[in-house]
Amino acid sequence: MIYLRGTTDFNIEESTVITFGKFDGIHRGHRLLLDTVLEKKADDLKAVVFTFDIHPRKKVEDDRGDVLTTNEEKMHIFENIGIDYVVECPFTEEIRNMDAVDFIRMMVEKLHVKYMVVGTDFHFGHNRKGNPELLRQAGTQYGFEVEILSKETREERPISS
């Protein structure tokens, strides 16, 4: 597994399938995202997890940012299940203020994304204005597919860390 961290100047030359998140605790919902990404490797795509070095809430909401799983523990898990690349992007002011469409364009240009796997509650970009529907629209323009997975539940409650 290749671990790209500490820079916003990351680049992957191969075509990729990607999912996004902090993956704290790596619960059943996370596993569904990761398993779907791993299945797409059969289409000759490299499996990528995109995450930030800290939880965005820590900067945006001045949250303490307590975690269940350290970044090092997550890297070990990702490597063991077959993820090819982990991009641990610094949550800089530039990234924090990036328009959702610019974020999508960055994924396509720097990571050669051909397939994205996200949950129904996925939001991204400045003020969390990006959502799965925007990804679908952008996919038509930029040449990638999007798979939107419903939230996993337990006793009719969404699973979340």
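Me: Is glutamate 93 buried, exposed or partly exposed, and what is its relative accessible area?

Reply: Glutamate 93 has a relative accessible area of 44%, and therefore counts as partly exposed; buried means under 20% relative accessible area, exposed over 50%, and partly exposed in between, using a 1.4 Å probe and protein chains only. This is a predicted model, in which local features need pLDDT of at least 70 and side-chain atom pairs count only at pLDDT 80 or more, while totals for chains, interfaces and linings use all residues. Residues are numbered from 1 along each chain as its sequence is written, and side-chain values use heavy atoms, with hydrogens and water left out.

Me: Which side chain meets glutamate 93 in a salt bridge, and in which helix do the two residues lie?

Reply: A salt bridge is a side-chain nitrogen of Lys or Arg within 4 Å of a carboxyl oxygen of Asp or Glu. Here the partner of glutamate 93 is arginine 96, at 3.6 Å from N to O. Both residues lie in helix 4 (residues 93-96), 3 residues apart, about one turn of the helix, where helices (H or I, at least four residues) and strands (E, at least two) are DSSP runs numbered from the N terminus. Arginine 96 is partly exposed, with a relative accessible area of 26%.

Me: How many salt bridges does the structure hold, and which distant parts of the chain does the pair of lysine 41 and aspartate 84 link?

Reply: The structure holds 7 salt bridges. In one of them the side chains of lysine 41 and aspartate 84 meet at 3.3 Å, N to O. Lysine 41 belongs to the loop between helix 1 and strand 3, whereas aspartate 84 belongs to the loop between helix 3 and strand 4 (85-89), 43 residues apart. At 31% relative accessible area lysine 41 is partly exposed, but aspartate 84, at 17%, counts as buried.

Me: What does the charged end of lysine 40 sit over, and with which residue does lysine 40 form a salt bridge?

Reply: A charge sits over a ring if NZ of Lys or CZ of Arg is within 6 Å of the ring centre and within 35 degrees of the ring normal. The charged end of lysine 40 sits over the ring of tyrosine 115, 4.2 Å from its centre. Lysine 40 also forms a salt bridge with aspartate 43, the closest N and O atoms being 2.6 Å apart. Lysine 40 is buried at 17%, while aspartate 43 is partly exposed at 46%.

Me: How should I read the aromatic pairs, and how many are there?

Reply: Rings of Phe, Tyr and Trp (its six-membered ring) pair if their centres lie within 6.5 Å; planes under 30 degrees apart count as stacked, over 60 as edge-to-face and the rest as tilted. By this rule there are 10 aromatic pairs. The rings of phenylalanine 23 and phenylalanine 78 have centres 5.6 Å apart and planes at 90°, so they are edge-to-face. Phenylalanine 23, in the loop between strand 2 (16-20) and helix 1 (28-40), is 55 residues from phenylalanine 78 in helix 3 (residues 71-81), and both are buried.

Me: Which residues do ring pairs link into a cluster?

Reply: The cluster contains Phe10, Phe20, Phe50, Phe52, Phe91, Phe103, Phe122 and Phe124. Phenylalanine 50 is buried at 1% relative accessible area, and phenylalanine 103 is buried at 7%. The charged end of lysine 110 sits over the ring of phenylalanine 10, 5.0 Å from its centre.
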